[in-house]
Amino acid sequence: MGVLLPVLFALFAALSNALATVLQRRAALTVPQSRGFRPGLVLDLLRRPVWVAGILAVVLAGAGQAAALATGALVLVQPLFVLELPLALLIASLLVRERLPAAVWGAVAAVVGGLGLALAAAAPSENRTHVPLDRWLPALAGCAAAALLLALAGLRRPPGRARAGCLGAATAVCYALTAALMKDSVPLLAEGGAAAFLTAWQTYGFALSGLCALLLLEHAMQGGPLVASQPALTLGDATVSIVLGVALYDEHLRTGWWVLPQLAGVALVCAGIVALARAETAEGAPPTA
């Protein structure tokens with residue numbers, strides 16, 4: 001149960017996030033395009049019921065993610081979110097009633113098989129529950145700087161792959177930081193109740209980081225094709241989360257010869273994600289909501 005429970009919670013969160021991605025992408029394509037950062041974009045989206053439904057799916061995903069992080073290691077939970085893209089394509093194909101081609105199913109198999117191989121070889125384990133402030137400060141500064149630089153680089157470019165890729169990577173950094181902060185704050189509910197949770201700076205930190213991720217995600221979806229934004233978002237989130245898990249929580253991955261199957265699994269996941277991102281069939285279809 002030490003691994004099964006967080007995996008089940010993470011899979012539920014990934015499914016909810018996949019549904020949210022499909023709904024939010026449909027809504028984002030129905031509002032005026034923007035060349036710069038426009039906070040008012042959210043106000044436009046609020047008038048779209050399909051976007052509101054997507055936000056409700058995000059809330060469910062957040063609850064599942066919180067439960068997963070409370071019961072498992074960051075380096076185990078966050079990589080499972082690479083399943084969002086294949087799940088999103090499957091959901092979108094059902095919505096538009098299109099069959100996915102055999103190549104897409106092959107890419108799905110590569111992602112699932114590669115992820116299973118990498119996690120089985122890595123055997124991730126957690127070490128600490130809470131992170132002292134002196135460890136948080138450089139991590140917060142580094143993530144904030146990386147997200148800001150990537151966002152500025154993307155917003156300075158015209159709509160296209162470079163813009164979408166930079167904004168997707170910035171979103172990934174914010175998502176990974178949100179998860180790391182959430183993992184530190186959620187156990188406070190069991191240890192000190194709602195008062196301890198609501199008075200912890202980490203709680204407001206992950207709320208702020210999550211809001212930044214939401215804003216950046218909407219701009220990434222408008223900024224260019226899914227083939228550019230989604231790999232940067234999906235793989236970036238997993239990569240940064242692993243770094244934060246090891247650096248902040250002293251989580252462990254197996255080393256030695258185990259690194260070889262881990263790298264093979266990662267290569268399969270990367271190939272599958274890129275192939276799936278190119279298959280925008282259902283995701284790229286005109287929104288019906």
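**Exercise 1.** What should the 13 residues of helix α5 span, and how far apart are its end C-alpha atoms?

*Solution.* Take the span rule, 1.5 Å times one less than the number of residues. Helices here are DSSP runs (H or I, at least four residues), numbered from the N terminus. For α5, residues 84-96, the rule gives 18 Å, and the end C-alpha atoms are 18 Å apart, which agrees. Just after α5, R97 takes a positive phi of about 55°.

The model is predicted: local features need pLDDT of at least 70, side-chain atom pairs count only at pLDDT 80 or more, and totals for chains, interfaces and linings use all residues. Residues are numbered from 1 along each chain as its sequence is written, and side-chain values use heavy atoms, without hydrogens and water.

**Exercise 2.** Find the salt bridge and state which parts it ties together.

*Solution.* Step 1: apply the criterion, a side-chain nitrogen of Lys or Arg within 4 Å of a carboxyl oxygen of Asp or Glu. The count is one salt bridge. Step 2: the partners are R135 and D250, at 2.9 Å from N to O. Step 3: R135 lies in helix α7 (residues 133-155) and D250 in the loop between α11 (226-249) and α12 (259-278), so the pair ties together parts 115 residues apart in sequence.

Step 1: list the surroundings of R135. Beyond four places in sequence, its contacts (heavy atoms within 4.5 Å) are R128, A247, L248, Y249 and D250. The R135 side chain also reaches the backbone oxygen of L248 at 3.1 Å.

**Exercise 3.** Classify the ring pair W136 and W201, and state whether each residue is buried or partly exposed.

*Solution.* Step 1: rings of Phe, Tyr and Trp (its six-membered ring) pair if their centres lie within 6.5 Å; planes under 30 degrees apart are stacked, over 60 edge-to-face, the rest tilted. Step 3: buried means under 20% relative accessible area, exposed over 50%, partly exposed in between (1.4 Å probe, protein chains only). W136, at 0%, is buried; W201, at 36%, is partly exposed. Step 4: for comparison, F197 and F206 form a tilted pair, 6.4 Å centre to centre with 45° between the planes, and both are buried.

**Exercise 4.** Where is confidence lowest and highest among the helices?

*Solution.* Helix α2 (residues 41-46) is lowest at a mean of 61, and α7 highest at 94.

Note on methods. Helix = DSSP H or I, 4+ residues; strand = E, 2+ residues; numbered from the N terminus. Polar contact = N/O pair within 3.5 Å; in protein donor to acceptor, adjacent residues only side chain to side chain. pLDDT = per-residue confidence, 0-100.
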